[in-house]
Amino acid sequence: MSSSMQQHHPPPLVVVMGVSGSGKTTVGAALAQRLRVPFADADDFHPQANIDKMSAGIPLTDEDRGPWLDTIGAWLADHPDRGGVASCSALRRAYRDVLTAAAPQAYFIHLHGTPQVIAARVAGRPGHFMPAALVESQFATLEPLEADERGAVLDVDQPVDDLVTQSLDLLRNGSAGAPTAPGNPDLTDPTDLTDLTDLTDPSDPEATHP
């Protein structure tokens, strides 16, 4: 690809978002591997105080989330040349605005599931600091992607490989109009995302390192 093409088609910066238990980390890491770009799990950026609160079943406040979101935004902003994928709950519009203020080209993939599906997933995930009791509070906090946000919605109740393939299709076709509903992507609004036609090799060992 020529330098002029690279200038007009920057590598994608993707935020895989959703409530706890939606599969953000699994899908995000797999997507980063397929794209051959770095991956960051936003859970790793939480200070210990936040982890202690969530482990005790206490929902985080906006004050708790502020520095954490700034750190994730800084990670995205640090990867404009190579691109990257970050898994982050990004539940509210205001939280996503923090990320896009740092990285305006960020594209959100919202992994959506019913409360019943998510609760079952969280219950089957022993050892994670997010208890099942906080799932309800996360759904109460969640604000769906709005029409002016770059992103799409995918139904979590399907295999990881299918979710990754659908995500690649969305990025390849440059969908960035109104967020698309689960299972019904609208790929009619091409934008300035990289050509991903050859990014299908999952073998790069550097793919998931920040």
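Predicted model: local features only at pLDDT ≥ 70, side-chain atom pairs only at ≥ 80, totals over all residues.
Visitor: Why is serine 87 called buried?

Guide: Serine 87 has a relative accessibility of 1%. Buried means under 20%, so serine 87 counts as buried. Its place is in strand 3, residues 84–87. Beyond four places in sequence, serine 87 touches Val16, Lys24, Thr25, Phe39, Ala40, Asp41 and Ala42.

Visitor: What makes the pair of serine 87 and aspartate 41 a polar contact?

Guide: The two side chains are joined at 3.2 Å. The cut-off for such a pair of N or O atoms is 3.5 Å, and the pair of serine 87 and aspartate 41 therefore counts as a polar contact.

Visitor: Which residues have the most contacts inside the largest nonpolar core?

Guide: They are Leu31, Leu76, Val85, Cys88, Leu99 and Leu111, in a core of 46 residues. For cysteine 88, the contacts beyond four places in sequence include Val15, Met17, Trp68, Leu69, Ile72 and Leu99. Over the whole chain of 210 residues, 43% count as buried.

Visitor: Why is arginine 36 called partly exposed?

Guide: Its relative accessible area is 26%. Buried would need a value under 20% and exposed one over 50%, so arginine 36 is partly exposed. Arginine 36 is found in the loop between helix 2 (24–35) and strand 2 (39–41).

Visitor: What is the phi of arginine 36, and what makes that worth a remark?

Guide: Arginine 36 has a positive phi of about 60° and is not a glycine. Most residues other than glycine have a negative phi. Alanine 90 also has a positive phi, of about 45°.

Visitor: Where does alanine 90 lie, and is alanine 90 buried or exposed?

Guide: Alanine 90 lies in the loop between strand 3 and helix 5 (93–102). Its relative accessibility is 0%; the limit for buried is 20%, so alanine 90 counts as buried.

Visitor: Why is glycine 113 called buried?

Guide: Glycine 113 has a relative accessible area of 6%, which is under 20% and therefore counts as buried. Glycine 113 is found in the loop between strand 4 (107–112) and helix 6 (115–123). Its contacts beyond four places in sequence are Ile118, Phe139 and Val156.

Visitor: How far apart are glycine 113 and valine 19?

Guide: In sequence they are 94 residues apart; in space, C-alpha to C-alpha, they are 8.7 Å apart. For the chain as a whole, 77% of contacts between residues at least 6 apart in sequence join residues at least 24 apart.

Methods: Residues numbered from 1 in each chain as written. Heavy atoms only, no water. Core = buried A, V, L, I, M, F, W, Y, C linked by side-chain atoms within 4.5 Å. Buried < 20%, exposed > 50% of the residue type's maximum accessible area, 1.4 Å probe, protein only. Contact = heavy atoms within 4.5 Å. Helix = DSSP H or I, 4+ residues; strand = E, 2+ residues; numbered from the N terminus. Polar contact = N/O pair within 3.5 Å; in protein donor to acceptor, adjacent residues only side chain to side chain.
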